[in-house]
Amino acid sequence: MTYPKIPLAQTVLSLCKAKRIKHIVLSPGSRNAPLTIGFTHDPFFKCYSIVDERCAAFFALGIAQQLQEPVAVVCTSGSALLNYYPAVSEAFYSHIPLVILSADRPQSRIGIGDGQTINQQNVFENHILYSANLVEDVNENESQAEIGCVTDREKQQAIIQKNNEKGINEALNMAIQKQGPVHINIPFNEPLYDRVDALSVAPANVMPSENNMGTEDLKPFISDWNQAQRKLVLVGVNQPNKIEQQYLDRLAADDSVLVLTESTSNIHHKNFIPSIDKLIGALSPSEFEALKPDVLLTFGGLVISKKIKQFLRTYQPKQHWHIGEHNANDTFFILNKVFKMSENTFFSQFLDHTTPIASTYQSFWLSEMEKRREKHRDYVKVMPYSDFKVFNTVLKSIPSDNQLQIGNSSAIRYAQLFDLDPSLKVFCNRGTSGIDGSTSTAVGAAVASKEQTVFITGDLSFFYDSNALWNNYIPKDFRIIIVNNNGGGIFRILPGHKNTENFDTYFETKHQLTAKPLCDLYGLDYRYITNENDLELALEDFYSLSDKPRVMEIATPSTKNDEILLKYFSFIK
């Protein structure tokens, strides 16, 4: 076996291996050479080389998203590290375990004018679970006057080694236990490329402590629940198959409980409403009053629908409870109880003591939703070719049991208006809701997933993250669908002065780009669609086996989409 000679690098490698952190995403560099040598020469690790650090971090995030286990990214010193920040913030808010291993120069070389040198310690302090700032080994080139006798050097080295081990253990344990990003900053003295055949360190692997969540006295909440005539359960981002179906069935069986989900909730039942905006997009004040719950129960991650946020902030329930092991968000300004436990644990302790009560709350809104679905179908029949029409066609075409990754902005919002195949596993970077990194995340998720992965994105998001295609690991069955309306179409839906030169240039950012040159450059199969008939024909074999990944770019009119969408909500009323 080949190892880096530097003991600090050996310590990092040994503890990553001890904690079963297998997937390592490396970006080229010199200062991180000791780590690269160690990871790539040990068959335990699965290593990936991604040049662009921003893409590398989102690629790693996609793998971690699927595996629900830490994935490490490794970079050289300097500004390379800063390119990780968008993915770090997404991992922080989405509770995805990402381990940042940044090589650095020794402290004595910081701030003296050396190249590729910045202040790296605690650089992610506002969006990180833990930062470990390691210390370089005692430099054997230092003079005796500077470090004292050999015995003193050995003592100092032992203290440094112990402290470094503690920092690495705490960081990695935090990523495992708390499910979020951690940063380990690792300074290396030169020479960087020396190798040895045996480890010179044997770091102690300190295991994570038991993550015991406190028990709750549920009696007062059970009493309030049993008395409430209108209980609204709102589910945000959720891992597929996370919630036991028996608990979902019991919620659905209570006439006083209405469950609202989103495409990223990944839970399904015939008595749940999956398209929130379709239901509440055009309600009157009196209808909002009828929907207003006595108790709001939430679980899962962030909610996409702006309409439900506005509704619950205006028509506030008497109580808002949240279930989850991570921090809860007071999204509706009325949060008064957090059950800090897993959803399954909560429901196992709670539902056995609840009593379904007679109520028309669920049945009334299910009936209203069915009316909306019928009008939705009628509107789709008469609407012209547009973003809406394209999403209607594309979402119905995706084969069952696939993984669906969706880009942010318009793409994920359109997806909320459709009832998706319940066998699909749906993901989107909703931690920060940024367009950066969506493609890279989807590629990483495809690498880690056993199912075929389909990625639907808008044009700006795709071009913004175009280096995601500079990747040698894209599966052949990976599919990208780009809805290209020649600019940021979502800004036409928002308040603003449309159809002006200022708007077109600085808000919508009009362009005439296509993905064809990128597909030619990276060797991807490319198809360009401009109308509904060609789209339906192209989709017939788009998901079939192929010898390379496929990209379908669908051009839509840039000036009609906002009007068609806004008219939709009036039509389905």
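Modeller: What follows looks at one helix and then at the sheet beside it.

The model is predicted, so local features need pLDDT of at least 70 and side-chain atom pairs count only at pLDDT 80 or more, while totals for chains, interfaces and linings use all residues. Residues are numbered from 1 along each chain as its sequence is written, and side-chain values use heavy atoms, leaving out hydrogens and water.

Helix 8 spans residues 245-252; helices (H or I, at least four residues) and strands (E, at least two) are DSSP runs, numbered from the N terminus. Four of its residues, Tyr247, Leu248, Leu251 and Ala252, are buried, meaning under 20% relative accessible area with a 1.4 Å probe and protein chains only. These four lie on the same side of helix 8 because they cover an arc of only 140 degrees around the axis, taken from the directions from the helix axis to the C-beta atoms. An α-helix has 3.6 residues a turn, so residues three or four places apart point the same way.

The buried residues of helix 8 pack against helix 7 (219-227), helix 12 (343-350) and helix 13 (361-382), and also against strand 10 and strand 11; contact here means heavy atoms within 4.5 Å.

Those two strands pair in the parallel sense over 2 bridges, with strand 10 at residues 257-260; pairing requires at least two bridges found by DSSP. Leu260 stands opposite Ile273 in strand 11. Both strands belong to an open sheet of 6 strands with parallel pairing, in the order 11-10-9-12-13-14. Its edges are strand 11 (272-273) and strand 14 (335-339), each pairing on one side only.

Note on methods:
Buried means under 20% relative accessible area, exposed over 50%, partly exposed in between (1.4 Å probe, protein chains only).
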